Structures are given as C-alpha cells and as structure tokens.
Amino acid sequence: MVLVVVASRLDQFARELVARWTPHGAALLTCTDLCLKGWRYYLDSVEDAAIVIDQHIMTAKNITGVLTRLPSVFEHELVEIVSADRTYVAAEMTAFLLSWLSALKCPVLNRPTSTCLSGPYWRQEQWISAAARIGIPVRPFHRSTRLSVDAAAEGSTPDTITLTVVGQQCLGTTNRTLVSQALRLAEAAHVDLLEVCFGDPETEAYFLCANPWPDFTNVKVEESILAYLQAGKRTSEI
Amino acid sequence: MIVLWGLPGDRPLAAVRNVLRRWGYSVVFLDQHAVHETDVELSVGPTVRGTLWIRDQVVDLNTITALYPRLYDVRLLPCLKNKEPSSEAWHHALAVEDILMSWAELTSALVVNRPSAMAANSSKPYQLAWIRSLGFKVPETLMTTDPSAALQFWRCYGTVIYKSMSGIRSIVTRLTPEDRERLENVVWCPTQFQQYIPGIDYRVHVIGKEVFACTIVSAADDYRYAARKGKVATIQACELPEAIANRCKELAIAMDLQVIGVDLRCTPDGQWYCFEVNTSPGFTYFQQATNQPMDEAIAKLLGGHDIFPPQYYV
C-alpha cells in the first residue's frame, strides 16, 4: 500500500517527509514521473489506472492516501522537455493531475479544485470574506494599485496564533472559540487541511489569514496528517 | 452600471457592447490596453467595497450591477511588450487584474462568468467527468504515457481522436496509420485519446434561460479548423429536443455559469454525447452564420433580465 506525496521536484521538505514516512509506504510523485512510460488512466475507472510513482509502475488501487503540495505543474521544472513545449506540457500535466486526483476515492489532502491542485486558490480577500460570512470577526483587508506594494497591507503586525485543521482535528490551541472558528472555515472552504491565523488571541481575537499549505515542521501536525491519510488504509482493509 | 472587460477587438465583447449602447444602458468598457491608466482599490471585511479609476473616470465598485469579462492573457498585452516581468509596468498590470478578479469572485453583481467557475474548462477530462455525472454520455477516454495502451485503445475503438487536456486550444485530430510511429512520443507527457463518435455536431449556447442551438456539418475532424484543412463547415440554426435543451441548462446551473457553449454530437441511432462545455464561448462565430440574437440575449442578461430564479441555485 502506498501513501503518495505529490510535490515539486525541488521540494526538499517533501523528500524529507517521504523519507520519514517510508515505513508507512510513502512515495514521491513529481513531474518527472509524468514524463515516464506507464500511466494508463481510463476516465471511467480510476481504481484500475496504472500509475508511475517514484519511477515505479503500480496500480491506483494500492494508494491509501495522497498529500498534495503542488498548486500546479510549473514549466521551469520540466527540464526533460524542450523549452518551446514546456508551457503546453505544464498545462497538460496540470490538467491530467486535476482529473486524476479528483477521481481518487482515498483520502486526499487537499482535494483539488478547478483553480488549484490542492484546495481552492483563494486570494486573501476571499478568505476574509468567507470568514466574515460565517460570523468570524475579521479585520478588513485592503489592496490598491495606487499604493506601493509594501503599503498595501494595512496596520501593524499583531500578536498571532496559528491553528492547523486536519480533518476534524484542530491543533495549536485549546481555545474552543478559535478551534470552532477554524473548523468552520475549513468546512466552508471544503478543505480538510488548513492553517488558520488569528490576531490578538489574548484580547478580541479576529481572523487574519488562512493557508491550505500548512507548516509541516510541527511534529503533531505531521502525525495528524499521517493518521488522516492512513484512515483510507483502515477503511479499505475492513 | 454594466462593465465589459477585455479588448475592444474581441468580437463577442464588441457585439454585446453595441447592443447595450443601442438599448441605452450605462456601460463602462474596461480596456485591457489601457491597464496602465487603470487603478483599482478593494477593501474586504464584512462588506466588499472599492473604486476603479479608468483614465478620468471613477467607478464605485458597488454601483456595478453586471460584469462581462473576456480577458486576454495580460502577459501578452502589446503594452507589456519589451518590458521585463520585474518591471513596474508588469507589476501594475498583474495587480490590476488580480484585484479585479478577486472582486469578481466576491461581488454580488452578476458576473458572466465568475473566474473560478470558468476554470473547470482548464482540464477537459475533469470537466468531462462532471458532465457525465450530470447525465450526458461522454466518449470513452484514455490518458496515457504508454504507447502500447494507446495502440490497444485504438484497436478497441477502431477510430480514435486525440486532443489537448488543458485549456490550451488544440485541433481535434483523428489518429491515422501515419501517426503510429509518433505514438512513441506519448511517453513525454500524458496524452488524451478518445473514442471517435460518429454523428452530427451541435453547438448549444445557454444564455440565462435561453437556449440557442445550431448544427455544424463538416468533413473536418474539428470544424473550427475546417478551412485550414481545405474543407467547409456549414452551420444552421436548429431546435433541440426539449430534454436535451433542459440538460444543457442543467449543466449551466450545476457549473454556476450564466453563459456556456456546449459541444454535442448526436449519433445516427439518436444517442447524445457531450464533449465539452466552453465557459467563455466565442458565440459571434455561430451568430454570424445563424442570425440567432445571442448578443442581445447576453445584453439582456447583463441588464438584469432573464437570469435563473434564485431557487435554481439552492
């Protein structure tokens, strides 16, 4: 059984993560694997697909979970492809991964959307608006082309607290209000993996920003992600 | 106020602009060529507000009731030619577009269509799976880097086409014996092959609640490029069976799109296949041949008429 980490070939952290997760069957999928003979994906049968992970051909049935750390395939990584074709090939590979990752039945963190291979591609305004819509206090976010880039963000940097949502778990605080807000925001964004940052946690906490690509250097976050992805294995073994 | 956003030479935009002007609507044309004379600011909290400056014109974003974006790739704009990506001009152009795209996602104004909803077309197999889940037949599809799998698929279906998976336009082409050696090239990138479906092509535009259908008869594999292959494409307005027209409307609703162009084919035994939903259709190509008033339908939609009632979106 395989836990797949989809990442840039330049993502050193992903390589280290896969090395740590080797006892759990982790393997790395990069754009290099998409330039290798062996992929066979029929639109109507994703489970029967032949796939290439870490340069080995296997079947999609063996995948128990997928962690995606890649918003799209970047053309500068496609060193095997002649430069004139890289833009096209990067778009094709992204389109292919979107289709394939969407169809997988196992746990996928985060599930792709049409705008990003891992969760939604939301700008800061969209996170603020989503938080405000579900009743989370927010500080208005302001952008303007009339200001310099440095001046675009308003106000000083407050004290912050960062929470990480992994499925139904929320790590980083015992503050029930913030935990509830972070979980509700993840639900509103249809993601199971989300880093949520609040300002002034000691006084009147308000939502600052969110990020579907959390910092994995926290051991507890890493363990929670692994447990989430392995839940697929448990389900399939029952 | 209605905002049209794109290039003045874009035919669908120009056609809709002419109708709106003729009907006396207040229209702002946000010309991408004038991006250096455009500024925007946006503030988002519990409410969304902002201002747009186009030369001397000042537009309160909250006064905009409808937006029709048909954007050209900002990086390819002539005004950015010979400028470095690190230049102030690039930063400004990208920032204007990004802020307005963000607003387009959040505004309560009618957006035809919202950028995130249009993005489904950036992966044709992803969209095809969605189309199938909504009740249309779709062709058998293989994506592969394995030449032998492509060959096996070809043998299985007899006639097979290949086309791009992404939003980058490609010419739909039938595999021929001359392509046999080239099949080895699929090892470099997953390539999409589809069962060839014989029959008559239909292009269906859903605009709000209105449906405009036409047939396209052509000997070319891809009628859009018939002339290039020395062939012709004959386009004629037609009526669709009610069930098929309704299914096309359901596609638009499910995909949260106000205007779509649906590519259908009806087989000799009456099976309806859907190949793709175009989320920013160049309807003027078909309007020119059929005289179907699609520009007026879009203008009507932007003017606040003929949208689906809210219960459709529940």
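Reader: What is the strand order of the open sheet of 4 strands in chain A?
Author: The model is a predicted one. In it, the 4 strands of this chain A sheet pair in the parallel sense. The sheet is open, and its order is β2-β1-β6-β7.

Reader: Which strands of chain A stand at the edges of that sheet?
Author: An edge strand here has a single partner strand, so one of its sides is left without a neighbour in the sheet. In chain A this applies to β2 (26–29) and β7 (108–109).

Reader: Which residue in β2(A) is the bridge partner of A:Leu3?
Author: Strand β1 of chain A covers residues 2–6 and pairs with β2(A) in the parallel sense over 4 bridges. The bridge partner of A:Leu3 in β2(A) is A:Ala26.

Reader: At what angle does helix α1 of chain A run to β2(A)?
Author: Helix α1 of chain A is formed by residues 12–20. The helix lies across β1 and β2 of chain A, and its angle to β2(A) is about 155°.

Reader: How many residues does each domain of chain A bring to the contact between them?
Author: The assignment divides chain A into domain 1 (2–119 + 222–237) and domain 2 (124–211). Their centres, taken over C-alpha atoms, are separated by 28 Å. The contact takes 6 residues from domain 1 of chain A and, from domain 2 of chain A, 8 residues.

Reader: Which element gives the largest share of the side of domain 1 of chain A that touches domain 2 of chain A?
Author: That side of domain 1 of chain A divides into 3 nonpolar, 3 polar and no charged residues. The largest share is 3 residues, and these come from helix α6 (residues 219–237) of chain A.

Reader: Why is chain B described as being as compact as a globular protein of its length?
Author: Chain B has 8 helices and 16 strands. For 314 residues the globule rule gives 20 Å, and chain B comes close to this, so it is as compact as a globular protein of that length; its radius of gyration is 21 Å.

Reader: What share of the contacts in chain B with a separation of 6 or more is between residues 24 or more positions apart?
Author: The C-alpha trace of chain B spans about 65 × 50 × 40 Å along its principal axes. Buried residues are 39% of the 314 in chain B. Of the contacts with a separation of 6 or more, the share between residues 24 or more positions apart is 65%.

Reader: Which residue in the turn between β4(B) and β5(B) has a positive phi?
Author: Strands β4 (residues 48–54) and β5 (residues 57–60) of chain B pair in the antiparallel sense over 4 bridges. B:Ile54 stands opposite B:Gln57 in β5(B). The two strands form a hairpin with 2 residues between them, and the turn residue with a positive phi, of about 50°, is B:Arg55.

Note on methods:
Residues numbered from 1 in each chain as written. Chains lettered and ligands numbered in written order. Predicted model: local features only at pLDDT ≥ 70, side-chain atom pairs only at ≥ 80, totals over all residues. Rg over C-alpha atoms; globule rule 2.2 N^0.38 Å. Buried ≥ 20, exposed ≤ 12 C-beta atoms within 10 Å, placed from the backbone. Contact = placed C-beta atoms within 7 Å. Pairing = 2+ DSSP bridges. Axes fitted to C-alpha atoms, helices over the stretch in contact; angles between N-to-C directions. Domains from an automatic or database assignment. Nonpolar A, V, L, I, M, F, W, Y, C, P; charged D, E, K, R; others polar.
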